[in-house]
Amino acid sequence: MRWIATDPLNRSRFPVEPWRFVELEPSLEDLGVTETLFSVGNGYLGMRGNPEEGRKSYAHGTFINGFHETWPIKHAEEAFGFARTGQTIVNVPDAKLIKIYVDDEPLTLGISDLDSYERALDLKEGCLTRSIVWRTPSGKRLQLRSRRMVSFTDRHLALFEIELTMIGGDAPVVLSSQIVNRQDGFDDHRRSQEEGFDPRRAGRFNGRVLQPRGQWEEDTRMALGYETTGSGMTLCVAADHHLDTSNPFEVVTRVEEDQAKLVYRIDARAGVPMVIRKAVAYHTSRGVPVIELYDRCRRTLDRVRDKGFDHFFDAQRAWLDVFWKDSDVEIGGQPAIQQAVRWCLFQLAQAAARSDQLGVPAKGVTGSGYEGHYFWDTEIYLVPFLMYTAPRVARNTLRYRVGLLPQARERARVLSQDGALFPWRTINGEEASAYYAAGTAQYHIDADIAHAFAKYSDVTGDIQFMYRDGAAVMVETARLWADLGFWRTEADGRERFHVHGVTGPDEYTAVVNNNMFTNVMARANLRRAAALMREMEVEDPWAFERVIGTLGVTPQEVAEWDRCADGMVIPFDETFGIHPQDEKFLTSELWDLENTPADKFPLLLHFHPLVIYRFQVLKQADVVLALFLQGDQFTREEKRADFEYYDPITTGDSTLSGVVQSVIAAEVGYQDMAMQYFLTGLYVDLADIHANARDGVHIASTGGVWNALIFGFAGMRDYQGHISFDPRLPEDWDDMRFPIQVRGSLVRVLLQPDAITFDVESGDAVELEVRGSLIRVEPGEPVRVALDGQGERLPSLTGRNPVTGGRRADGSVVTAIVPEAPVTDLVGGE
């Protein structure tokens with residue numbers, strides 16, 4: 001695990017501010033990381049933080065959620081049911097580019113002589129701003145101020161505004177605004193060297209991806225249109241320009257298949273400002289002809305022309321005012337942590353706000369990492385934040401899964417199963433994981449999705465959505481589990497329900513029998529589906545009859561779901577007093593993490609999967625995640641024992657792990673560890689802890705930050721819709737304030753060292769529980785509950801091999817090993 005104990009950022013370069021993330025000095029050493037950190041997006045359209053001038057850059061990127069190319073997955077050895085269709089997000093034509101020349105010399109960050117520099121992501125305004133004074137090679141100075149925005153209110157729209165002023169001298173200035181197709185190789189930048197192997201990164205296409213389908217220019221507008229070669233998706237990008245200056249200028253335009261260019265040639269006088277405004281519209285479709293997309297782009301640009309830039313900047317601010325009112329987590333006395341928390345929450349808005357019934361990619365729209373695919377991350381790490389702060393967005397996100405049901409049913413048939421099996425990773429609904437052991441075998445995604453639907457229904461009270469759309473998801477996932485598992489008569493004569501041949505969240509162990517997480521989540525899935533059918537029969541007979549008629553559910557089938565849940569195998573080892581991660585997990589030897597060289601992490605980049613699979617070693621929380629999601633099914637003693645066993649053998653090689661470990665560490669009393677894990681999750685991208693922030697923001701980790709704050713430090717739980725609190729406020733925090741929405745009511749929570757206070761700001765009264773005591777909070781009547789401390793405080797765990805030397809139930813001794821290749825001499829001897 002990569003521990004973070006203090007603020008890891010260079011604060012002379014990235015100063016602490018409450019509402020901005022600011023850079024005061026550019027650097028070529030971490031271009032990829034800062035391009036990610038300063039990205040702007042809205043869930044549909046995203047633009048990396050590349051400079052408008054185009055150089056220097058690590059990876060130019062503009063991404064549209066769901067806009068992808070397909071390609072055949074070629075397996076060296078084919079087998080029935082393997083994934084066939086790869087899907088990769090496309091780097092769509094880049095409209096950020098506005099090159100700047102003074103005396104025909106280009107402004108190039110990292111090389112140019114800058115008298116001053118500031119770049120800032122403004123979290124309240126929703127803009128990326130810059131302020132630069134450039135001293136040109138001839139000794140003249142140019143002042144530049146810019147702002148860039150991807151609109152939350154108009155999801156197809158991006159705005160660029162640059163104000164330039166010559167200081168102390170006249171000069172010819174050229175502004176070259178461009179749209180370029182970088183996906184198919186049109187680029188003025190080449191990486192200096194190839195980077196090492198990393199399976200988390202997107203691959204490259206061999207042939208042309210975007211086929212030209214026309215281009216046009218009219219006055220100050222220009223547009224390019226394309227169709228993807230394989231997936232057949234269509235796209236149009238169009239830009240409109242306006243130059244506001246009293247300096248004389250001329251305009252030159254040129255439009256080709258892969259580049260559109262509008263150039264202003266200006267005779268700039270000292271002190272006379274030049275303001276270029278560039279409005280850009282992107283429209284995409286799964287098959288609408290490009291000519292229609294041209295019309296859509298024109299309409300978007302017409303609105304900007306008619307209403308002006310300020311209208312949309314004001315609308316952006318107003319949208320964010322509401323967002324922060326409904327989602328801000330205020331942390332007293334910790335300004336650096338406060339800034340980082342707000343940056344993370346802002347990333348969640350940029351990833352999901354306007355996804356509008358699409359999935360949420362693992363990197364949002366900030367990069368091409370994981371090829372733009374959707375995973376279980378959305379339901380487990382992101383939906384909790386959305387349903388408590390933006391229920392409408394949460395509903396939209398879940399609607400995407402409803403739309404995948406036909407393909408999920410077909411995938412289940414391919415795997416010889418009843419019900420529906422959702423793809424492990426996908427964009428278009430087809431399974432895109434070529435490595436089935438760590439892909440398709442993760443059947444738990446079905447239960448994860450069902451879990452999210454159930455939580456959404458309980459917390460929001462949106463029963464209509466559950467009855468109309470969610471019921472089919474609950475039924476088909478329950479059918480999958482009832483068919484995938486099987487009954488076995490044990491030695492004691494009891495029948496128990498087993499689930500074999502699956503992989504849990506921990507991808508360092510694969511294709512096992514009775515994975516604890518999978519079985520616990522499947523049990524909850526089965527029980528909730530059965531309960532839903534009984535509830536609908538009473539509460540909404542019409543909706544119930546619709547489900548029965550459409551899906552053919554029978555009373556006998558529902559009864560069998562309950563029976564399967566009641567008989568589900570939940571592994572438990574009496575010798576160690578813990579839940580084994582799977583049936584055979586404890587028979588393996590421990591991986592000696594304490595003596596593994598630091599340069600061998602993450603293990604997945606340095607050891608073959610078969611080597612890793614032979615050991616007790618975790619990529620990420622597995623059993624511990626089950627303790628969080630289904631915590632009412634376990635005792636406090638079981639949670640502590642499981643945490644103490646698994647924490648030392650968890651590498652944290654996944655960014656999904658630390659935030660979950662933080663929640664359970666706080667609950668069972670390891671509060672210092674909870675803070676360390678929280679900080680590790682908080683700074684995953686900001687401090688590039690996993691050395692891959694260049695590929696995009698880790699959206700699940702940013703969602704996990706909210707989970708760690710609310711479920712960890714505030715101690716909130718929401719089992720079956722019952723909201724309770726058992727706080728663990730960190731010792732050096734003055735207080736924590738946050739809003740939650742519960743069944744239409746907005747509740748503001750203030751957590752202090754000696755009390756927790758609830759205030760219903762809007763909606764009806766809310767019933768809550770604090771450490772076993774029930775309270776009712778009426779609107780306008782805050783309720784303060786005194787707290788006797790912030791829970792038990794245990795000393796942090798030390799060492800990586802807590803059970804080495806112990807004996808298993810069969811009497812064998814547990815050992816710890818670092819797998820190493822033999823050292824051979826020059827003649828081949830060892």
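In helix H11, which spans residues 541-551, the buried residues include Ala543, Phe544, Val547 and Leu551. Helices are DSSP runs of H or I with at least four residues, strands are runs of E with at least two, and both are numbered from the N terminus. Buried means under 20% relative accessible area, exposed over 50%, and partly exposed in between, with a 1.4 Å probe and protein chains only. Seen down the axis of H11, its buried residues fall within an arc of 105 degrees, so they line one face of the helix. That arc is taken from the directions from the helix axis to the C-beta atoms. An α-helix has 3.6 residues a turn, so residues three or four places apart point the same way.

The model is predicted: local features need pLDDT of at least 70 and side-chain atom pairs count only at pLDDT 80 or more, while totals for chains, interfaces and linings use all residues. Residues are numbered from 1 along each chain as its sequence is written, and side-chain values use heavy atoms, with hydrogens and water left out.

The buried residues of H11 pack against helix H7 (405-414), helix H9 (463-484) and helix H10 (516-539); contact here means heavy atoms within 4.5 Å. On the face turned away from the buried side, H11 carries the exposed residues Trp542, Glu545 and Gly549. Just after H11, Gly552 takes a positive phi of about 70 degrees.

A positive phi also occurs elsewhere: Gly493 has one of about 90 degrees, in the turn of the hairpin formed by S20 and S21. These strands, residues 486-489 and 495-498, pair in the antiparallel sense over 4 bridges, where pairing requires that DSSP finds at least two bridges between two strands.
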